[in-house]
Amino acid sequence: MGWNVCCCPHMRQWLPGLAYSTWVPLIARMRKLAIECTALKKHYGSVKAVDGLDLQVFVGECFGMLGPNGAGKTTAIEMIQGLIQPDASEVCVLERSWRRNERELRRRIGTQLQETKFAEKLTVSETLRLFGSFYRKAFLLEKVLDTVQLQEKRDSWVSKLSGGQKQRLSVACALICEPDLLFLDEPTTGLDPQSRRQLWDTIRDFRRSGGTVMLTTHYMEEAEQLCDRVAIVDHGQIIALGSPRDLVASLGAEDVVEFGFEEDATVSDEELQALPGVAGIGREDGRVRLTARRVHQTVPALMTLVEERGLTLNELVTHRASLEDVFLSLTGRHLRDE
Amino acid sequence: MSRISDHPIFQLALCRVKEFLREPEAVFWVFVFPVLLALALGFAFSNRAPEAVRVAVERGPGSSELEAMLRSASEVEVQALDAEDAYDLLRSGRVALVARAGDTVEFRFDPARSEGRLARLVVGDALQKAVGREDVWEVRAIPVTDVGSRYIDFLIPGLIGMNIMSTAMWGIGFRIVRKRSDRLMKRLLASPMRKSHYLLSHAVSRVFFLWFEVGVVLAFGYFAFGVPIRGSLLLLAFVALLGAMTFSGIGLLVASRAKTIEGVSGLMNFVMIPMWVCSGVFFAYSNFPEVVQPMIASLPLTALRDALRAVMLEGATMAGIGSMLVIMALWGVGSFGVALKVFRWE
């Protein structure tokens, strides 16, 4: 098969910017593509759910689509899985097209969809056996139960499972065919932190055995923990793409300082920019966000400025810059708008 | 992949069977309810044993001889009462006639009521015989209860047909729409499951349940009321099977586009209620006007019920119910064909 990575030859344009883009062509020459699509599009009436999405996911990597609810992540991942017909563009998965190789592809991918409700009155092992029967190869019920840590619950009805256990069952159904490529749509939404960690471990195990993962999430922590590369998606388009570290580095600062004033006092952007170590300024609801290169200099200088003016800070928070801050700096909105 | 138990159709059908059996309410409605209905209606409309005529004898001179004479007669239930009490019972209908002894025996009864006229004839006859009247021309009475023409005989095949219809339609329609709204259908489609396997598994689980749901009502009718099964059991099984497949097709069609349980419930009732009313489950459809008769006869439930009844009560053969089988097959093939065309998988 050689190293010919593309089944769709027009796939050569890349998003501008980001240090990442310099090493992509290098990687692309070395690694096979698990997923490829160009200008993927799906409009529902006037709603542009997905509006020109370019994606390349390499074999063996964990690729994440990060974005707020309603960004088009689910529509995109379901188009890639051949469950929704795109308006434009053909999707290549594992170097096959859905049109000609649907049966083969269905056998090679594992799927966890959002909000699937499994039959309540079937047990965990009955559900797994049902899904296992759809694949030609013999499946290893015990192994899958071990992987998702559901051995104890194997004879419990689905209705008796907790949210986290249900989600792990969903992932188990995806893993039962020992897929080459695993799709996870918001795998940990609504789970408690412990269940979330357990699922992350399962996903890491799968990757260690050589599997490729494509997931969507609106938790930046999840993307940072699991993904080699992340596409930040908003309004059906990719607005940034790269490894979590590169994306955060694109802010030009490692820390974020957030504060607000008691009074309606204003401190101009120029004054703030003049503080040492400040890389960028953002304002939201009367609060100020500084991205800072050297937070240990920025904060004392800020305090001095506040004292000179006789102002009062009502809150001061500093934290390491994250993908959340990347999203915020790109869109002016939060990933999770509560 | 060698064992049959690993086959997707088997697994899908097995899951369907298990889910059903773990739903006590569903089991009640499919297996217990038809029997209860048959029991209630069977008793309500059963032909009772002929009741004795209830009469009173007014106490007075000669009343005890009169009472003794009547007591020895069959079909008469007699009590001796004081005049006042006796007339009270007559007025309220608890006795049909009051007799008073004397040179001339007097009968008091209400000729406007059939019980009264009957009592007058029966009591008169009994008294005349008791004092020695001979019949000039002998009459021999032979009691007849025609098995196969009672209401319960009419009802049981109708109930079986109705049960086949409801379980096929609800079992398939409800379940498909439920899977669709639970997004489980989409999840199944994301697997390599064949769509044809999915649809076939419904037919398989339907056939599995069919024998029980038909058998229960049939056996109940047979053992509790002696409802006859005059035709071949094999043919009866074939009719039931064809009926189940026909209504599975219709159920699939009804569920082919509905997105919500509420939506499909409305559609189900829209399809089924007219057939409950028209197809002669509870009363003969010959009561409907002449013009609509051909329409009623071409309904699938009418065909199923008529075929079941013909085989059970008249011992009809395949040839005798050919037209009904054709009607069912046409409905089944037609609805299944359309359902496959318009079916929405997600």
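Predicted model: local features only at pLDDT ≥ 70, side-chain atom pairs only at ≥ 80, totals over all residues.
**The contact between chains A and B**

Chain A contributes 22 residues to the contact and chain B contributes 21 residues. On the side of chain B that touches chain A, the elements that give two or more residues are helix 1 (8–21) and helix 7 (184–189) of chain B, and the largest share, 6 residues, belongs to helix 1 of chain B. Sorted by class, the residues on this side of chain B comprise 9 nonpolar, 3 polar and 9 charged.

**Helix 6 and helix 9 of chain B**

Two packed helices are described by the angle between their axes and the distance between the axes. For helix 6 (residues 151–181) and helix 9 (residues 233–254) of chain B, the axes come within 8 Å and cross at roughly 40 degrees, and the crossing is right-handed. From helix 6 of chain B, the residues that take part include G161(B), I164(B), M165(B) and A168(B), and they meet a set in helix 9 of chain B that includes A240(B), G243(B), A244(B) and F247(B). The contact of these two helices has 11 nonpolar and 5 polar residues, with no charged residues.

The composition of the two contacts described so far is set out below.

| Helix 6 with helix 9 of chain B | 11 residues | 5 residues | no residues |

**Helix 3 of chain B**

In helix 3 (residues 63–72) of chain B, the buried residues are L66(B), M69(B) and L70(B). These residues lie on the same side of helix 3 of chain B, because they cover an arc of only 95 degrees around the axis. The other side of helix 3 of chain B carries E65(B), A68(B) and S72(B), which are exposed. Among the elements that cover the buried residues of helix 3 are strand 1 (53–58), strand 2 (76–81), strand 3 (97–100) and helix 5 (114–130) of chain B.

**The sheet of chain A**

In chain A, 6 strands make up an open sheet with mixed pairing, in the order 6-7-8-3-9-10. Strand 6 (109–112) and strand 10 (237–242) of chain A stand at the edges and have a single partner strand each, so one side of each is left without a neighbour in the sheet. From one strand to the next, the twist averages 15 degrees. At the edge formed by strand 10 of chain A, strand 9 (residues 229–234) of chain A pairs with strand 10 in the antiparallel sense over 5 bridges, and D234(A) has Q237(A) in strand 10 of chain A as its bridge partner.

Conventions:
Residues numbered from 1 in each chain as written. Chains lettered and ligands numbered in written order. Contact = placed C-beta atoms within 7 Å. Helix = DSSP H or I, 4+ residues; strand = E, 2+ residues; numbered from the N terminus. Nonpolar A, V, L, I, M, F, W, Y, C, P; charged D, E, K, R; others polar. Axes fitted to C-alpha atoms, helices over the stretch in contact; angles between N-to-C directions. Left-handed = near helix turned anticlockwise from the far one by under 90°. Buried ≥ 20, exposed ≤ 12 C-beta atoms within 10 Å, placed from the backbone. Arc of directions from axis to C-beta. Pairing = 2+ DSSP bridges.
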